[in-house]
Amino acid sequence: MDSANQDINLNSPNKGLVSEGIRDVPAEGAMGTTEPVGLTEEEAEEMKNELAKVEEEITTLRQVLAAKERHASEIKRKLGLTPLNELKQNLTKSWQDVQTSSAYKKTQETLAQAGQKTSAALNTVGSAISRKFGDMRNSATFKSFEDRVGSIKSKVIGGKENGEEVHSPTEEKPMQDKAPF
(Lines give C-alpha, C1' and ligand atoms only; values in the text may rest on other atoms or scores of the structure.)
Protein backbone atom coordinates (compact mmCIF):
# COMPACT_ATOMS: atom_id res chain seq x y z
CA MET A 1 0.00 0.00 0.00
CA ASP A 2 1.31 3.40 -0.89
CA SER A 3 1.61 5.51 2.26
CA ALA A 4 0.83 8.64 0.23
CA ASN A 5 -2.74 7.35 -0.20
CA GLN A 6 -3.34 6.84 3.53
CA ASP A 7 -4.05 9.64 6.06
CA ILE A 8 -2.14 8.68 9.20
CA ASN A 9 -2.82 11.89 11.14
CA LEU A 10 -4.61 10.60 14.27
CA ASN A 11 -6.44 13.92 14.73
CA SER A 12 -7.79 13.85 11.20
CA PRO A 13 -11.45 12.92 10.61
CA ASN A 14 -10.17 10.68 7.79
CA LYS A 15 -7.60 8.87 9.94
CA GLY A 16 -6.57 5.53 8.55
CA LEU A 17 -8.76 5.83 5.46
CA VAL A 18 -7.36 5.18 2.06
CA SER A 19 -8.40 7.94 -0.30
CA GLU A 20 -9.12 5.76 -3.32
CA GLY A 21 -9.62 2.17 -4.32
CA ILE A 22 -11.49 0.78 -1.26
CA ARG A 23 -15.05 1.51 -2.24
CA ASP A 24 -15.90 -2.07 -3.22
CA VAL A 25 -14.11 -4.14 -0.58
CA PRO A 26 -15.60 -7.62 -0.38
CA ALA A 27 -17.08 -8.72 2.95
CA GLU A 28 -15.26 -11.24 5.07
CA GLY A 29 -15.34 -14.68 3.60
CA ALA A 30 -16.18 -17.95 5.26
CA MET A 31 -12.64 -18.21 6.62
CA GLY A 32 -12.86 -14.79 8.32
CA THR A 33 -10.24 -13.12 6.11
CA THR A 34 -10.44 -10.61 3.32
CA GLU A 35 -8.25 -10.24 0.34
CA PRO A 36 -6.38 -6.93 0.53
CA VAL A 37 -7.11 -4.75 -2.46
CA GLY A 38 -4.14 -3.16 -4.16
CA LEU A 39 -1.54 -5.13 -2.17
CA THR A 40 0.75 -7.88 -3.23
CA GLU A 41 0.84 -11.04 -1.15
CA GLU A 42 4.25 -10.06 0.20
CA GLU A 43 3.02 -6.60 1.29
CA ALA A 44 -0.05 -8.11 2.93
CA GLU A 45 2.06 -10.68 4.77
CA GLU A 46 4.51 -7.98 5.88
CA MET A 47 1.65 -5.84 7.20
CA LYS A 48 0.15 -8.81 9.05
CA ASN A 49 3.51 -9.47 10.70
CA GLU A 50 3.85 -5.80 11.63
CA LEU A 51 0.32 -5.80 13.07
CA ALA A 52 1.11 -8.87 15.16
CA LYS A 53 4.28 -7.20 16.48
CA VAL A 54 2.41 -3.97 17.36
CA GLU A 55 -0.36 -5.92 19.13
CA GLU A 56 2.27 -7.91 21.03
CA GLU A 57 4.00 -4.66 22.08
CA ILE A 58 0.66 -3.25 23.26
CA THR A 59 0.05 -6.37 25.35
CA THR A 60 3.56 -6.15 26.80
CA LEU A 61 3.13 -2.46 27.62
CA ARG A 62 -0.20 -3.19 29.35
CA GLN A 63 1.47 -5.89 31.44
CA VAL A 64 4.37 -3.57 32.34
CA LEU A 65 1.93 -0.80 33.27
CA ALA A 66 -0.10 -3.18 35.46
CA ALA A 67 3.09 -4.35 37.19
CA LYS A 68 4.20 -0.74 37.77
CA GLU A 69 0.77 0.13 39.21
CA ARG A 70 0.96 -2.87 41.58
CA HIS A 71 4.47 -1.84 42.61
CA ALA A 72 3.36 1.75 43.25
CA SER A 73 0.40 0.48 45.30
CA GLU A 74 2.71 -1.70 47.38
CA ILE A 75 5.08 1.22 48.05
CA LYS A 76 2.14 3.43 49.04
CA ARG A 77 0.83 0.69 51.35
CA LYS A 78 4.25 0.35 53.02
CA LEU A 79 4.39 4.14 53.46
CA GLY A 80 0.90 4.11 54.94
CA LEU A 81 -0.52 6.09 52.05
CA THR A 82 -3.99 4.63 51.78
CA PRO A 83 -6.51 6.07 49.35
CA LEU A 84 -8.28 7.62 52.35
CA ASN A 85 -5.04 9.28 53.50
CA GLU A 86 -4.41 10.58 49.98
CA LEU A 87 -7.93 11.97 49.91
CA LYS A 88 -7.37 13.64 53.29
CA GLN A 89 -4.11 15.16 52.04
CA ASN A 90 -5.80 16.42 48.89
CA LEU A 91 -8.65 17.92 50.90
CA THR A 92 -6.22 19.54 53.35
CA LYS A 93 -4.22 21.06 50.51
CA SER A 94 -7.39 22.23 48.78
CA TRP A 95 -8.66 23.79 52.03
CA GLN A 96 -5.34 25.57 52.51
CA ASP A 97 -5.56 26.86 48.94
CA VAL A 98 -9.08 28.12 49.61
CA GLN A 99 -8.01 29.82 52.85
CA THR A 100 -5.23 31.68 51.09
CA SER A 101 -7.47 32.84 48.26
CA SER A 102 -8.55 36.47 48.24
CA ALA A 103 -12.22 35.53 47.79
CA TYR A 104 -12.12 33.45 50.99
CA LYS A 105 -10.41 36.24 52.93
CA LYS A 106 -12.98 38.77 51.75
CA THR A 107 -15.85 36.42 52.64
CA GLN A 108 -14.30 35.75 56.04
CA GLU A 109 -13.99 39.48 56.74
CA THR A 110 -17.58 40.09 55.64
CA LEU A 111 -18.88 37.28 57.84
CA ALA A 112 -16.84 38.54 60.80
CA GLN A 113 -18.35 42.01 60.39
CA ALA A 114 -21.83 40.53 60.08
CA GLY A 115 -21.22 38.48 63.23
CA GLN A 116 -20.09 41.56 65.16
CA LYS A 117 -23.15 43.53 64.04
CA THR A 118 -25.45 40.62 64.91
CA SER A 119 -23.83 40.25 68.33
CA ALA A 120 -24.25 43.97 69.02
CA ALA A 121 -27.90 43.82 67.96
CA LEU A 122 -28.57 40.78 70.17
CA ASN A 123 -26.87 42.49 73.13
CA THR A 124 -29.10 45.53 72.60
CA VAL A 125 -32.23 43.36 72.44
CA GLY A 126 -31.12 41.40 75.52
CA SER A 127 -30.52 44.60 77.46
CA ALA A 128 -33.91 45.95 76.44
CA ILE A 129 -35.64 42.74 77.53
CA SER A 130 -33.79 42.73 80.87
CA ARG A 131 -34.73 46.34 81.42
CA LYS A 132 -38.40 45.59 80.63
CA PHE A 133 -38.44 42.64 83.03
CA GLY A 134 -36.87 44.82 85.71
CA ASP A 135 -39.46 47.51 85.09
CA MET A 136 -42.22 44.93 85.18
CA ARG A 137 -40.95 43.44 88.45
CA ASN A 138 -40.93 46.85 90.06
CA SER A 139 -44.45 47.64 88.85
CA ALA A 140 -47.38 47.79 91.24
CA THR A 141 -49.23 45.07 89.36
CA PHE A 142 -46.36 42.62 89.76
CA LYS A 143 -45.89 43.44 93.43
CA SER A 144 -49.62 42.90 93.98
CA PHE A 145 -49.33 39.57 92.15
CA GLU A 146 -46.33 38.59 94.34
CA ASP A 147 -48.27 39.46 97.48
CA ARG A 148 -51.21 37.33 96.39
CA VAL A 149 -48.94 34.38 95.57
CA GLY A 150 -47.25 34.85 98.95
CA SER A 151 -50.55 34.86 100.80
CA ILE A 152 -51.72 31.74 98.94
CA LYS A 153 -48.42 30.08 99.79
CA SER A 154 -48.78 30.97 103.46
CA LYS A 155 -52.31 29.54 103.49
CA VAL A 156 -51.18 26.31 101.87
CA ILE A 157 -48.02 25.86 103.97
CA GLY A 158 -49.30 27.38 107.14
CA GLY A 159 -48.31 30.44 109.13
CA LYS A 160 -45.00 29.15 110.43
CA GLU A 161 -42.90 26.18 109.52
CA ASN A 162 -39.81 24.97 111.39
CA GLY A 163 -39.82 28.12 113.47
CA GLU A 164 -39.48 30.45 110.46
CA GLU A 165 -41.85 33.25 109.75
CA VAL A 166 -43.49 33.53 106.34
CA HIS A 167 -42.83 36.92 104.83
CA SER A 168 -44.38 38.73 101.91
CA PRO A 169 -42.32 38.20 98.77
CA THR A 170 -41.88 41.96 98.40
CA GLU A 171 -40.36 42.32 101.87
CA GLU A 172 -36.61 42.55 102.16
CA LYS A 173 -35.10 39.12 102.74
CA PRO A 174 -31.59 37.77 102.83
CA MET A 175 -30.03 37.39 99.34
CA GLN A 176 -30.30 33.61 99.31
CA ASP A 177 -34.10 33.66 99.65
CA LYS A 178 -34.68 36.32 97.00
CA ALA A 179 -35.79 34.14 94.08
CA PRO A 180 -38.14 35.86 91.58
CA PHE A 181 -40.84 33.17 91.82
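The exercises below work through a predicted model of a protein chain, each with a solution in steps.

Residues are numbered from 1 along each chain as its sequence is written. Because the model is predicted, local features need pLDDT of at least 70 and side-chain atom pairs count only at pLDDT 80 or more, while totals for chains, interfaces and linings use all residues, and side-chain values use heavy atoms, with hydrogens and water left out.

**Exercise 1. Describe the order of elements and the burial of the chain.**

Start with the elements, where helices (H or I, at least four residues) and strands (E, at least two) are DSSP runs numbered from the N terminus. The protein chain holds 4 helices and 2 strands, and their order from the N terminus is α-α-α-α-β-β.

Next, take burial, for which buried means under 20% relative accessible area, exposed over 50%, and partly exposed in between (1.4 Å probe, protein chains only). By this scale, 4% of the 181 residues of the protein chain count as buried.

Then turn to contacts, defined by heavy atoms within 4.5 Å. Of the contacts between residues at least 6 apart in sequence, 18% join residues at least 24 apart.

**Exercise 2. Locate the salt bridges and say how their partners are placed.**

A salt bridge requires a side-chain nitrogen of Lys or Arg within 4 Å of a carboxyl oxygen of Asp or Glu.

- Arg77 and Glu74 meet at 2.4 Å, N to O; they are 3 residues apart in helix α1 and so are separated by about one helical turn. Arg77 is exposed at 54% relative accessible area, whereas Glu74 is partly exposed at 32%.
- Lys76 and Glu86 meet at 3.5 Å, N to O. This pair links distant parts of the chain, with Lys76 in helix α1 and Glu86 in helix α2 (residues 83-100), 10 residues apart. Lys76 is partly exposed at 35%, and Glu86 is partly exposed at 26%.
- Asp97 and Lys93 meet at 3.3 Å, N to O, and both lie in helix α2, 4 residues apart, about one turn of the helix. Asp97 is partly exposed at 43%, as is Lys93 at 49%.

**Exercise 3. Classify the aromatic pairs by their geometry.**

A pair of aromatic rings is described by the distance of the centres and the angle of the planes. Rings of Phe, Tyr and Trp (its six-membered ring) pair if their centres lie within 6.5 Å, and planes under 30 degrees apart count as stacked, over 60 as edge-to-face and the rest as tilted.

Applying this rule gives 2 aromatic pairs. Trp95 and Tyr104 are edge-to-face, with 5.6 Å centre to centre and 80° between the planes. Phe142 and Phe145 are tilted, at 6.5 Å centre to centre with 45° between the planes.

Phe142 counts as buried because its relative accessibility is 11%, whereas Phe145 is partly exposed at 45%.
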